Amino acid sequence: MDFEKYSIAFTKEALKKGYTEQNIQRCLDYAKVLFSNHVPVIYNTSHLSELVGYKKEYLNKAIFHTNYFYRNFEILKKSGKKRLLSEPLPSLKEIQLWILKNILYKVPVSAFAKAYKPKVSLLENLKFHRNQPKVFTLDLENFFPSIKVEAIEKIFHHLGYSSALSNMLAKLCCKEGALPQGAPTSPYLSNLFFNSADAIISDFCKQKKIRYTRYADDLSFSGDFDEKELLKKVTEIVESLKLRINKSKTKLMTPDRRQTVTSIVVNEKPQVVFNKRNQLRQSLYYIKKFGIEEHRKHENLRQANYLEHLLGKINFVLQINPSDQEFKEYKTFLIDLKKKQDLKIKDAEPMPI
């Protein structure tokens, strides 16, 4: 429905309910901005509760007692440090998914942002940096937790939503005043938050003939350039958003050494780094030699879905390099092994009485 049709339908219904012409016009002026931004018309928090299918009282509880609506757990990072993940409870997750699909996905993000976009693969981030004189990568420190609720509220307000509604939408997407790692809305909101920085960085890079892409909190640059000048400029832009560059992860890579972007080698053809591929080779070797259960026991692997996890890693290698015959064979082996496991589980099930 276009705005003209909406306006006619809304006016007809509003007159039936006794709205004054002044109130009708005020509502239509509000709706017109939202229509122009291709996002759904939501008049107030009560209207939002109807759309998401949860009572307003529930939404208020979710924004005022946030901690009760998340399950926290930790995972190990590559550095050996722990990362806190906060997974929303199914009800809050359902609300966040509604916001993501009906509002956030309607708002375009920078063409230079290559992560968290529907139908965009990791390869999109890699192809720009192949066979370059220099590859320079930067990492943003504590990216999600550094993006505060006030900044998220501005995103919704900029789309045309009222202050009260923008405040509720932002708080439904945040935990303890920032974007939580684990909420489905956080990745796309981080892209929208970084939109202005992507624009300024990309304009600077165009002037200097530098290739630029961003994959979540990883900024990648390639070409022939002065890396000190670039680092100074990007640092200024990033710090204006109250973000910080992780200096320990800043890397300059020349063709005489391995050049990687998001842990993928880009010197010639894209390839997952050797040590990760080698870890997979070792796992497959021991599984073939001793069997999956002995391997799990020896490595103290308690993951219930370990086989699926391993298959996912193999698929990732093949996504980057589909012609890798060695890993194609690993994939076939694991699929056959999974079929046998599934058959054993089915045979072990008790017969129905």
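What lies over the face of F333, and at what distance from the ring centre? I looked it up: K288 does, at 5.2 Å from the ring centre. My cut-off for a charge over a ring is NZ of Lys or CZ of Arg within 6 Å of the ring centre and within 35 degrees of the ring normal. I also noted K134, whose charged end sits over the ring of F225, 5.8 Å from its centre.

Ground rules, before I forget. This is a predicted model, so I ask for pLDDT of at least 70 for local features and 80 or more for side-chain atom pairs, while totals for chains, interfaces and linings use all residues. Residues are numbered from 1 along each chain as its sequence is written, and side-chain values use heavy atoms, with hydrogens and water left out.

Next, ring pairs. I found 18 aromatic pairs in the structure. The rule covers rings of Phe, Tyr and Trp (its six-membered ring) with centres within 6.5 Å; planes under 30 degrees apart are stacked, over 60 edge-to-face, the rest tilted.

For accessibility I use relative area with a 1.4 Å probe, protein chains only: buried is under 20%, exposed over 50%, partly exposed in between. F3 is partly exposed because its value is 22%, and F35 is partly exposed because its value is 23%.

Then Y116 and F144: centres 6.3 Å apart, planes at 50 degrees, so I logged the pair as tilted. Y116 is in the loop between α5 (90-102) and α6 (123-126), F144 in the loop between β3 (134-139) and α7 (149-159), so the pair ties together parts 28 residues apart in sequence. Y116 comes out partly exposed at 35%, while F144 is buried at 10%.

Last stop, the cluster. F3, Y6, F10, Y30, F35 and Y43 form one aromatic cluster. I checked Y6, which is in helix α1 and buried at 16%. Skipping residues up to four places away in sequence, Y6 touches M1, L28, A31, F35, V41 and Y43 (contact means heavy atoms within 4.5 Å). I also logged 9.6 Å between the C-alpha atoms of Y6 and K32, which are 26 residues apart along the chain.

Notes:
Helix = DSSP H or I, 4+ residues; strand = E, 2+ residues; numbered from the N terminus.
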